[in-house]
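Please keep the sequence and the model at hand while reading.

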Amino acid sequence: MTVSSSASPNMPISRSHANDSNVDDSSAVSLLCSELIRHDSSALGELERGVAERVAEELSNMSLEVQVLEQQPRRTNVVTRITGTDSTAPALLVHIHLDVVPAVPGTWRVPPYSGEIRDGCVWGRGAVDMKNMAAMTLVALRELLGRGWRPRRDIVLAFVADEELGGAAGARWLVEEHAELFQGCSEAIGEAGGFSHEYAPNRRAYLVQSGEKGIGWLRLVAHGPGGHGSMMHKENPIVRLSEAIQRLDRHDFGLQLCNSMTELVDAAKKWNNTDDAETALHRTGPLAKLLVPTLRNTYNATEIHAGLQHNVVPPRAEALIDGRFVPGFETEFYQDIENLLGDLVEVQPVFHNSALETPFTGPIPEAITRALAAEDPQSITVPTCLPIGTDAKHFARLGIKCYGFVPLQLPSSFDFPAMFHGVDERVPTAALNFGQRVLQRFFESC
Ligand SMILES: [Zn+2]
């Protein structure tokens, strides 16, 4: 089954013929992913309504009853429930965000909303974040339901708006105002784990997200008397603030290992022949960018504001810090920065969101592990913590255990972390086909 007939005639899908052996390029999942990318659902584009209508159409074609909900015009959420055969079993939630971050055309090798399929990849904004998951889930369920299959437990599918800017019109709103939609859900899958790391030739570990760091955004404020720019100023707030940022940058906060990372760190030490956790994760290739920051609390200066005019020393200077804390190390996060900088600047909390951690045991992790092993028999499944924040933070408030599971088998050279919000975002078509097959097995056995 393909969806090529519904592709817009104005936006033909171009395919590379350089590699004719790659038969995956025109699979249903690649074509659907490409089509979803062609709806620019960024805040600078058409928002989520266009892509949501396309998703709703797919679900309706599966004879599912679809609810379309908007907290704001065009910020569209689509929710449906597939009724399971066992009404006593808890339900599974699958949450997928439909929005993407904006892309600047001209800096890309392809137009970012073209959904072009070439060189064995589907290209465009959302290819990994996370229209890939929307396409894999929809095609997997279309295949299964099309042959009369019913899941054992209810499966709630939530395609949500507004993840990238916090979920006020998406997951947060649904959780606060429409919690009944998630009735009975005990576990969820969603962003962002499930990708592979090839630790030896043809030996892969799939890193499934069972934890995510918390968010602690802070403001550092330095004060001083201020005055004329021609005079001596021992307490210039700009200098104090600069010192604070430098001190923060130089400080070694030491290793802060959460439960979700112990198994991966132990495995990575063996793969890389080292006893040092940080060295082990640094040697995971491109994935190191995602994995190393989960070993400790981090504080990145992201904005700085000071000054009135060229000849005035200001009475105040401030910097914004994007802080992230490891599950279980929230107290240390606030205490350490106060201890380190309290003599120089005032540390003000701006925004706080808890870290998440779920034990990787029980029926859903077991079904995930089985599905991956069936499609990649030599592989292992390893729980992991990721430094990013996802909609799981909202759904966890309903008591749902959340796992990041977007199954992708990636080539070892593929710089997966660079794809997120990056230029030339793309996903290998073979990874999409793999993910669809894994999800099918997962839905069948969960
Ligand atoms: Zn995302």
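Domain bounds, as used here, come from an automatic or database domain assignment. For the protein chain this assignment gives domain 1 (4–191 + 390–445) and domain 2 (210–353), and the centres of domain 1 and domain 2, taken over C-alpha atoms, are separated by 33 Å. Eleven residues of domain 1 are in contact with ten residues of domain 2, where contact means heavy atoms within 4.5 Å.

The model is predicted, so local features need pLDDT of at least 70 and side-chain atom pairs count only at pLDDT 80 or more, whereas totals for chains, interfaces and linings use all residues. Residues are numbered from 1 along each chain as its sequence is written, and side-chain values use heavy atoms, with hydrogens and water left out. The pLDDT, which is the predictor's confidence in each residue from 0 to 100, averages 94 over the protein chain, and 95% of the residues score at least 70. Over residues 1–22, however, pLDDT stays under 50, and for this stretch the model has 36 contacts beyond four places in sequence.

The protein chain has 13 helices and 19 strands, which are DSSP runs numbered from the N terminus (helices: H or I, at least four residues; strands: E, at least two). The radius of gyration of the protein chain is 23 Å, close to the 22 Å that the globule rule gives for 446 residues, so the chain is as compact as a globular protein of that length; the radius is taken over C-alpha atoms, and the rule is 2.2 Å times the number of residues to the power 0.38. Along its principal axes, the C-alpha trace spans about 80 × 50 × 50 Å.

Grid points are joined across faces, edges and corners, and a volume is the space filled by probe spheres set on the points.

| Pocket | Volume | Nonpolar lining residues | Polar lining residues | Charged lining residues |
|---|---|---|---|---|
| Second largest pocket | about 230 Å³ | five | four | two |

In this division Ala, Val, Leu, Ile, Met, Phe, Trp, Tyr, Cys and Pro count as nonpolar, Asp, Glu, Lys and Arg as charged, and the others, Gly among them, as polar.

Where does the largest pocket lie? Domain 1 and domain 2 both give residues to its lining, so the largest pocket lies between them. β15 gives the most to this lining, with three residues. For the second largest pocket, the largest share of the lining, four residues, comes from β12, and the lining residues include Phe-253, Arg-296 and Tyr-299.

Some backbone points also deserve a look. Most residues other than glycine have a negative phi, and most peptide bonds are trans. The peptide bond from Asp-129 to Met-130 is cis, with omega near -10°, and Met-130 is placed in the loop between β5 (121–123) and α3 (131–146). Another cis peptide bond joins Glu-191 and Ala-192, with omega about 0°. Ser-63, although not a glycine, has a positive phi of about 60°, and lies in the loop between α2 (49–61) and β1 (66–70).

Methods
On a 1 Å grid over the protein atoms alone, a cavity is a set of points where a 1.4 Å probe fits but cannot get out, and a pocket is an open set with protein on both sides within 12 Å along at least five of seven lines; lining residues have an atom within 4 Å of a point.
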